[in-house]
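Biologist: I would be grateful for a close look at a single part of this model, together with its wider setting.

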Number of protein chains: 2
Amino acid sequence: MRPMAEPRRRERKKRQTRDALVHAALKLFNAKGYEHTAVREITDAVDVSERTFFRYFASKEDLAMSFVRDASDALIRELAVRPPEEEPLLALRNAFRASLRAVAAAESHPGEEPVYLLVVKLIDATPSLLAAHLRYLHDHDDELVRVLAAREGVDPAADLRPRIAAVVFGGMVATATKQWRTEGSGTVDEMLAAVDACLDQVGAALAGHWTARAT
Amino acid sequence: MRPMAEPRRRERKKRQTRDALVHAALKLFNAKGYEHTAVREITDAVDVSERTFFRYFASKEDLAMSFVRDASDALIRELAVRPPEEEPLLALRNAFRASLRAVAAAESHPGEEPVYLLVVKLIDATPSLLAAHLRYLHDHDDELVRVLAAREGVDPAADLRPRIAAVVFGGMVATATKQWRTEGSGTVDEMLAAVDACLDQVGAALAGHWTARAT
DNA sequence: CAGCATATGTCATTCGATGACACTTTGCAA
DNA sequence: TTGCAAAGTGTCATCGAATGACATATGCTG
């Protein structure tokens, strides 16, 4: 008959090897860099065949992007539960804050650096991963757009505003990440502060001429 | 002694093979898609070795990105010569208009579809190229930031506004391109109109709640 | 246990990319 | 003109990512 929620050993083992692959990969990536880590090395560390790796992940890149997916999903979820009174950009800001905290807290052994921050730094330091990340954002802003449009009761197909808000917000996060990477100690709070700083100046950056002044 | 600007045959031949590679590649890309075109096929069409290809271009991707580089450079140039009275975003908009027109007019035989538009469509339709394109924008916004900051006389290191303006503008171009690709006939004028439409709504998208209304 | 579905392993192959080395062409100078 | 040095190119070998075909092993269900 049908597989019918075939639980137990099989499913557990799958999750087990998957986790082992991710874990081993991350360890190697952080030790010798993404580019200089062969898939072979990852699979050797877990003792599975190379072919198996590509049954779990579409590509080496895909493995690294799994964290991005998680974070993106978390953002969407948090945005969906923000109170409707909050204006779009404030809701995005708060949702980002909540999701980043949640993702950083999850899957990180206390006392150690949050895994998610390691991944962010890895992505930012690896050209091909950065490209993949940007494309992910570009490809998945539709979900964000949907939620934003629903919150405000507008039609996402006819109204450009939700899409624009999502794109601008994404751009600010990307910009803030760039700043965050090059200065400071790389904590979650600093990241949030950087995003806030960017968002706080969007209005000023787009309106009229800029008056010379210290920031 | 030193090479000392050794011009003539050598340089001409180099440009010749380079152009031949680009031309052959573009033809093949548009015929069977970027992914399904092997470097081998390109070099066979030009009758050079595969190794030579990689002496001209760092990668297959790099060849496709050469057009993006040209367009980006054109935008920077146009922005630099915009009258200082124009506000930053208006200057960007006008510079984009001018550069797009220039790039589309260049290297396109009259009567045919501008080469540049073909490339834009190719990039947009090819995931890996889209990723590369986004990364290019992300990596090269510093140049745009410098010019913007210089125009307005602010310090790009201390002031986030030029960077934010550049990122937002880039986001709008990307968004407009997405729209442009999915609806309409894909002309230069439609592209410009799409960018204008996006830019015209940035203010409304970022401020307060959205009132439901037809766009 | 039998029989099935699924997960995994093995093998072969394609394609992008890079290093090492030899050969040819071009430019320059004695 | 001749001869040398440098730049350009070709050939060969190799690596890594990714995919298809096919066999094998493992867990699931009756």
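Modeller: Helices (H or I, at least four residues) and strands (E, at least two) are DSSP runs, numbered from the N terminus. Val48(B) lies in the loop that joins H2 and H3 of chain B. The model is predicted, with local features requiring pLDDT of at least 70 and side-chain atom pairs pLDDT 80 or more, while totals for chains, interfaces and linings use all residues. Residues are numbered from 1 along each chain as its sequence is written, and chains are lettered from A and ligands numbered from 1 in the order in which they are written.

Val48(B) has 16 C-beta neighbours inside 10 Å and therefore counts as partly exposed (buried means 20 or more, exposed 12 or fewer, with C-beta atoms placed from the backbone). Beyond its neighbours within four places in sequence, Val48(B) is in contact (C-beta atoms, placed from the backbone, within 7 Å) with Thr17(B), Thr43(B) and Phe53(B). Leu21(B) is 27 residues away from Val48(B) along the chain, and their C-alpha atoms are 9.2 Å apart.

H1(A) gives the most, with four residues. By class, the surface holds 13 charged, eight nonpolar and four polar residues (Ala, Val, Leu, Ile, Met, Phe, Trp, Tyr, Cys and Pro are nonpolar, Asp, Glu, Lys and Arg charged, the others, Gly among them, polar).

Chain B also touches chain A, in a contact that takes 39 residues from chain B and 39 residues from chain A. On the side of chain B, helix H5 (88-105), helix H7 (127-152), helix H8 (161-182) and helix H9 (188-206) each supply at least two residues. H8(B) gives the most to this side, with nine residues. This side of chain B divides into 24 nonpolar, nine polar and six charged residues.

Within chain A, H8(A) meets H9(A): among the residues concerned are Val168(A), Met172(A) and Trp180(A) in H8(A), and Met191(A), Ala194(A) and Leu199(A) in H9(A). That contact has 11 nonpolar, two polar and one charged residues.

Technical notes: Contact = placed C-beta atoms within 7 Å.
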